[in-house]
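I opened my notebook on this one to look at its pockets, its cores and its overall build. Here is what I went through, in the order I looked.

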Amino acid sequence: DMLLTPFPNGFGLDISDLSVKLVQLRNVSHRLRRPAFSLLSVRATQLPYGLITNGILDQPESVRKYIYHLLRKTDRAGRLRKSPWVVASLPDTQGYLKLIHLEKAPDDIIDEDIGIAARKHFPISADDYYLDWQIMPSHGTTDHTDVLLCAMPKTISDMYTYLLESLGLAVVALEIQAMATARAMITAQKVYVNEARAILDLGAVRTTVIIYDHNHLQFSRALPYSGELLTTAIAQKLHLSPDEAEKKKRDTGLQYKNSPVWPIMTKYADELVGQIQETFEFYYSHFSDANRITHVTMSGGGAATKRLDAVLSLKLGIESQPGHAWKNLGLPIPETYNEQALAGFATAIGLALRAADNPYFKTDTL
């Protein structure tokens, strides 16, 4: 393994406002002569409110202690092979991600072109942002190149780098959560012709819509719908403790019309549908050659909300279903892992695939 992987035992670390999730994979593709990764370790820890807000590390020293605990944990989450190498997530809400076309051949593109393009496409001062870019596979054309462009404020990026290095970790890459989620949730071997896909990542503090079309991630947008929003609304309206509200939300979801939870869940589900429709319309009107979105793949903890998939399918008129976060591992998952529990690990799995030298995404990083 060591000779074939540039970062032996590298792992993915998904840091979000209320949790840190870790996935470590072993790349066994060379043995099976096809993309294949075995799960070595899957672990998570919950973070209390206020340590990270909207992706900003308000209390980095406390966050550091939680991550340190996660790395040291010895439990049934699979033994973590010791490694300094990490691919970690950066918050979608703080950065920009967009597929752009440059009227140049791939080998003629230099960093300066990327800087000029970023100023044109993003409302940013390039000096305050790190730019990362990836040349995407072309469809036989050589006069122009598709480039996936990512911009992240230097303050945010440096904050995460400093945090990880203070734990003795070496950062292989920092990646916007949407990119990692797409790597896990879009079937790697499948080619979608004349159809686009949407990933709906339903998290504890926000939901992200990711549009995938023409074999590329096109753009992502954060929506205010979240698990926490629902729990808080149920707790306030029904005068329940947060724990009781969380249990009611999980147990009933959108399945009983006579449940006191129903009007609250329905109200927010309708708002979510409206926000998704707006995002799709934005995509159709602002992106040339946009294909129709034919399927919504749900990921994140909120994907398990009872009957939410049926409600979205009905109201959007597009089949919506929870996806399988482990499908690109190319091996069955060990019985010790609960499939439902892994649903919330899509971003961490996407990061781990890159850490294990994922053959699907070769990157040109500044």
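A volume is the space filled by probe spheres set on the points, which are joined across faces, edges and corners.

Two notes on the source: this is a predicted model, where local features need pLDDT of at least 70 and side-chain atom pairs count only at pLDDT 80 or more, while totals for chains, interfaces and linings use all residues. Residues are numbered from 1 along each chain as its sequence is written, and side-chain values use heavy atoms, with hydrogens and water left out.

**Second largest pocket.** I found about 690 Å³ of space in the second largest pocket. It has 31 lining residues, and K98, L99, Q218, F219 and F287 are the closest to its centre. I then listed the elements (DSSP runs numbered from the N terminus: helices are H or I, at least four residues; strands are E, at least two). Those giving two or more residues to this lining are β7 (96-102), β9 (145-153), β13 (216-223) and α8 (262-286).

**Largest pocket.** Here I noted about 1,200 Å³ of space. Of its 43 lining residues, K21, G203, A204, G301 and G302 lie closest to the centre. Which element gives the largest share of this lining? I found that α6 does, with four residues.

**Cores.** I took a nonpolar core as a set of buried Ala, Val, Leu, Ile, Met, Phe, Trp, Tyr and Cys residues joined through side-chain atoms within 4.5 Å; buried means under 20% relative accessible area (1.4 Å probe, protein chains only). The largest core has 60 residues, and L13, I15, V23, L25, L39 and I67 touch the most other members. Another core lies apart from it, with 36 residues, among them L202, I264, F280 and L312.

**Whole chain.** I counted eleven helices and 15 strands in the protein chain, and 52% of its 366 residues as buried. I checked the radius of gyration, taken over C-alpha atoms, against the globule rule of 2.2 Å times the number of residues to the power 0.38. The chain has 20 Å, which agrees with a compact globule of 366 residues, because that would have a value near 21 Å. The C-alpha trace spans about 65 × 50 × 45 Å along its principal axes.

Key:
Buried < 20%, exposed > 50% of the residue type's maximum accessible area, 1.4 Å probe, protein only. 1 Å grid on protein atoms, 1.4 Å probe; cavity = no way out; pocket = protein on both sides within 12 Å on 5 of 7 lines; lining within 4 Å.
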